[in-house]
Amino acid sequence: MRDVCVYGGLATVWALSYAARGIMETVQRFRQFVIGQLNQLGSMLLLLLDIFKTTFSKRPRWRETVDQMYKIGWQSQAVVVVTGAFTGMVFAVQTYLQFHKVKMDTAVGPVVSVAMTRELGPVLTALMVAGRVGAAIAAELGTMKVTEQLDSMRSMGTAPVDYLAVPRFIALMVGLPLLTAEAMFFGIFSGYFVGVHMCGIDQAYFLNHMYQFTSAKDVASGLIKSVFFGMFIALISTYKGFNAAEGAEGVGRATTEAVVVSSLTVLIANFFLTVVFSKIIPV
Amino acid sequence: MIQIQDLHKSFDGAEVLRGVDFEIHDGETLVIIGRSGGGKSVLLKHLCGLLRPDAGRVIVDGVDIDPLSESELTPIRKKFGVLFQGGALFDSMTVFENVAFPLREERKLEEPEITRRVEQALTVVDLLKAKDKKPAELSGGMRKRAALARACVANPKYILYDEPTTGLDPVLADHINDLVLQTRDQLHVTSLAVTHDMTSAYKIADRIAMLHDGRIHAVGTPKEIQATTDPIVRQFIMGTAEIQTEVQRGTETVS
């Protein structure tokens, strides 16, 4: 009986020390994770400062900037138009089905337009652009990094931030609000089409209520948000590309991280921007 | 003149350079030889400030470049032309645009003059017909030649060659060697090449230095290196797997 107690005690001590070691290792790993994330955040802020400094201190690179606007803005239109249009359509159908129960059919117009201008337009456009453009930026810059093209550029006295990051940054900050405006328009227009021509809502009431409850503030709020989203996507994708690890695996990881981190940043930042804008630009 | 003094560099705790000292005199071609992964390319990247040393100094024309910021390094870097191992041509540009890049970035020359100089450089490397092609459409040898044209087009004072003949067949490698010599004679440049191709080293070098164990192990003219009895140098230039001493060769080996 005494032996059993001794062995039981030893087993308990061993189990406790094992558990304690496990906890210590987990804490250590968490600590390293937090330090790594903070380091990355710091590096990203330094890159942002470098981009701002270069934008205002160096001669503008119009050719590269227009080229990026074409690739980032013009070539993203199809994706954005389809996203905006079908979101507006499905939103109109869903709201109609609910509002029809309480005889508020004509509220579909303002609900669709306010949702498209304040939230759905900027967020969905940013998410689509993060997937399409953010991935392309990270993959292109990552490949340039691992094939020594960035080193080659630096060796010729040209800063990659100046030649590569700034044009993409400007193109996204200008291009994303324009794409967002396009998504808003097609979302509202397709919502109108579905509401009036498919659900049978009276056209005059639909439009009248939409104008009555949608203001320029709603549009401005969405467009200003999209400027911030463009900045976040450009910064994160550029950072991930510039810091891609060696080899195809490194570029692949950088591309995935650029899309995931950009998308999450857009969603999280949207909440905080909404709270801030509700104070600055009240509904 | 470029002076390297007591250069140290580590990556993730692994010490690659452990106190490298040497000088490159004006007008000479110095070839650094050494085993793969021995830090030759790392050393080369320190010369134009692409990498920063952990300790030691890199002095280019009397200027210690380590304390300089990226923007302060720009005038120093413009003295260099660098031929990277894989060419490092910009994928999104044609051969012509790649070679024109350093001239356009200087923003001093008019476009007709840039065109003239780029075409001249492409003629030297026999790539004028491929000027509108993208790097992906070129063979390995053509990429190296295009990269050589880009490294030389702005008439740099120093040219750095990172493995200029690696991955090329012997005929093409010899053609690249000839181009390196031609560049030296025409532009009177000072050159540093890192390679493990001894045929190339003997042909283009005024002096050869061997990087071994993170330090410069031996320096000499090609003839001196060929005649050396140093076992480490002999092992490298003979390409044998085991170190052999002059006395022991044929009887026993020292590993």
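**View 1. A:Ser113 and A:Thr214 are joined through their side chains by a polar contact of 2.5 Å.** A polar contact here is a pair of N or O atoms within 3.5 Å; within protein, one must be able to donate a hydrogen and the other to accept it, and residues adjacent in sequence count only if both atoms are side-chain atoms. This is a predicted model, in which local features need pLDDT of at least 70 and side-chain atom pairs count only at pLDDT 80 or more, while totals for chains, interfaces and linings use all residues; side-chain values use heavy atoms, with hydrogens and water left out. To find your way around, remember that residues are numbered from 1 along each chain as its sequence is written, and that chains are lettered from A and ligands numbered from 1 in the order in which they are written. A:Ser113 sits in helix 4 of chain A; helices (H or I, at least four residues) and strands (E, at least two) are DSSP runs, numbered from the N terminus. Is A:Ser113 buried or exposed? A:Ser113 counts as buried because its relative accessible area is 1%, where buried means under 20%, exposed over 50% and partly exposed in between (1.4 Å probe, protein chains only). Leaving aside residues up to four places away in sequence, A:Ser113 touches A:Ile188, A:Met210 and A:Thr214.

**View 2. A:Lys217 lies in helix 8 (residues 216-242) of chain A.** A:Lys217 has 42% relative accessibility, so this residue counts as partly exposed. Which residues does A:Lys217 touch, not counting those up to four places away in sequence? They are A:Arg118, A:Ile281 and A:Pro282. Look at A:Pro282: 65 residues separate A:Lys217 and A:Pro282 in sequence, yet their C-alpha atoms are 8.1 Å apart in space.

View 3. A:Met44, A:Leu47 and A:Ile51 supply 48% of the area that domain 1 buries against domain 2, more than any other three residues. Between these domains there is one residue pair in polar contact (both at pLDDT 80 or more).

**View 4. Chain A meets chain B, with 17 residues of chain A in contact with 23 residues of chain B.** The two chains bury about 1800 Å² between them, 47% of it on carbon and sulfur atoms. In chain A, the residues losing the most area to chain B are A:Arg154, A:Ser155 and A:Met156, together 33% of what that side buries.

**View 5. A:Arg154 forms a salt bridge with B:Glu70, the closest N and O atoms being 3.2 Å apart.** A salt bridge is a side-chain nitrogen of Lys or Arg within 4 Å of a carboxyl oxygen of Asp or Glu. How many salt bridges does the rule find across the interface of chain A and chain B? There are five. Nine residue pairs are in polar contact between the chains (both at pLDDT 80 or more). Helix 4 (108-146) and helix 5 (149-155) of chain A are the elements that give two or more residues to the side touching chain B. Helix 5 gives the largest share of that side, six residues.

Definitions and conventions
Contact = heavy atoms within 4.5 Å. Buried area = accessible area lost by both parts, 1.4 Å probe.
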